[in-house]
Amino acid sequence: MARDARSTQERQRPVTYADSRTFAPLVRVEGVTKTFPGVVALDGVDFAVRAGEVHVLLGENGAGKSTLIRLLAGAHRPDAGRLLVDGSPVRVHGARDAARLGIATIHQELHLAPDLTVAENLFLGRPPRRFGLVDRARMEADAADLLARVGLAVSPRARVRELGVARMQLVEIAKALSLRARVLVMDEPTAVLTGGETERLFALVRRLRAEGAGIVFITHKLEEVAALGDRVTVLRDGRAVAQVPASTTREELVRLMVGRDITVRYPRERAPVRADGPPLLRVDGLGRAGAFENVSFEVRGGEVVGLAGLVGAGRTEVARAVFGADAHDHGSVRVLGQPLPGRDVPAALAAGVGFVPEDRKAQGLLLDASVAENLGLVTLRRAARAGFVDRAGQRRAAAAMAARLGVRMAGLDQPARTLSGGNQQKVAIGKWLLAGSRLLILDEPTRGVDVGAKVEIYRLVNELTAAGHGVLMISSDLPEVLGMSDRVLVMCRGRLAGELSADAATQDAVMALAVGSASSARPRG
């Protein structure tokens, strides 16, 4: 299915703008094409990153961004076209080749060994040695320096599995810095970082740029483009459709990415809140030693309740305890007035509670199972009769849900692992929609999801609340919380610091509660 790179390039030559820089790119891909069964992932793409610049790579999920950076990292090889480093053609057969050429990649999927320490992860496969033995003291000292550079206050001896996703992301960034790369590829590095962590990362990127590094920066947060970028390449359907300045308006970037205008960023449609009868979810005095304490709130049918706070405030821990994935020491959880036992996921499922976790790859999907199998996971038991599963019925339901969600795939039998991040998220949400969950807990629901797919997810949230269901939404994207929530609960150091109505919930008000400096909001717990 490979196409002639030159003819494709001429046919799809992107819109460009004049660049005053005259020096040669550090890394360049020319006319690159890459195909997978049934899919042309890249179609004659040209792309280059120069020393001392941040080149932003934009596109919807499935546009080809991940395939392109995997080519740079040596995980894929092109079917046509070539890769040049310092003007010379090269072949990259893996991460070692990429590192030798000065290319380091921070993937959206975290590549860490959870049972090893932070220091061991940072220097995995290349620890400092003394007299032939691993020099642990030097390794931990070097690790401490790297962690300080990315603003991560954890011990080099901490086990990675003890860290949340946001801290793991910072460990990945520190690991890339340890390679002293000239080209740093960053795939959604701020997806789960707070505002303060993002600013520290931006300061680091600007420092690396000033030192002459070339940065490839992939993001779905369009406000980051002008804040950090120099140039932007936009991919759509595997083709480079435009190269524009980072100062290009958000509206124009969206139009280039999706091929249409998106006028409403957060299309929340308020539904009547079910005030009669017991709430869908009531949490009273919930606590677990060392994680969260005395947490009380409720979610009623027809509303979206946002749960905000800094990373480490206890948001995810509370959600997992409510769902029964983790234990709680005291307090109670009720669904429609009925008590829900602790540490009992089957009971939560039977009560109509669904949970989309923040780490979809490790906890939300079976990556080696097909799209159809993942969509049918929650309803599998229900579809069984006399010990036999109605596979034809399950497949029809999965096909209908995939079409409703607009999942981009080669077919229902495609492994979930091979989907783009946004399409994986649609499948992770879709299985709960198929199950008819009355209460849906969404933890970072649009992490790594493009602007078009975000709007589709928001509209699904609207459909749920219009039907009388309730949503508890946790997000590190504060504008998303404010734009989609009917009420906002704010956590600070394991406690609910306050509750804000949609009208009173501003970024300043939420952040004041999140850092423990506000006293005007209605306290909870």
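Author: Let's start with a definition: helices (H or I, at least four residues) and strands (E, at least two) are DSSP runs, numbered from the N terminus. This is a predicted model, where local features need pLDDT of at least 70, side-chain atom pairs count only at pLDDT 80 or more, and totals for chains, interfaces and linings use all residues. Residues are numbered from 1 along each chain as its sequence is written, and side-chain values use heavy atoms, with hydrogens and water left out.

Reader: Thanks! What does the secondary structure of the protein come to?

Author: The protein has 18 helices and 24 strands.

Reader: How many residues of helix H10 are buried?

Author: Buried means under 20% relative accessible area, exposed over 50%, and partly exposed in between (1.4 Å probe, protein chains only). Helix H10, residues 315-323, has seven of its nine residues buried, so to read it, picture a mostly covered helix. Among the buried ones are Arg315, Val318 and Phe323. Just after H10 comes Gly324, with a positive phi of about 90 degrees.

Reader: How is a pair of aromatic rings described?

Author: By the distance of the centres and the angle of the planes. Rings of Phe, Tyr and Trp (its six-membered ring) pair if their centres lie within 6.5 Å; planes under 30 degrees apart count as stacked, over 60 as edge-to-face and the rest as tilted. Searching the whole structure gives four aromatic pairs. One of them, Phe202 with Phe217, is edge-to-face, at 6.2 Å centre to centre and 75 degrees between the planes. This pair links distant parts of the chain: Phe202 belongs to helix H7 (residues 195-210) and Phe217 to strand E10 (residues 214-218), 15 residues apart. Phe202 and Phe217 are both buried.

Reader: Why is the pair of Phe323 and Phe355 called tilted?

Author: Their ring centres are 5.3 Å apart and their planes stand at 45 degrees, so the pair is tilted. Phe323 sits in helix H10 and Phe355 in strand E18 (residues 353-356), 32 residues apart. Ring pairs also join Phe323, Phe355 and Trp432 into a cluster.
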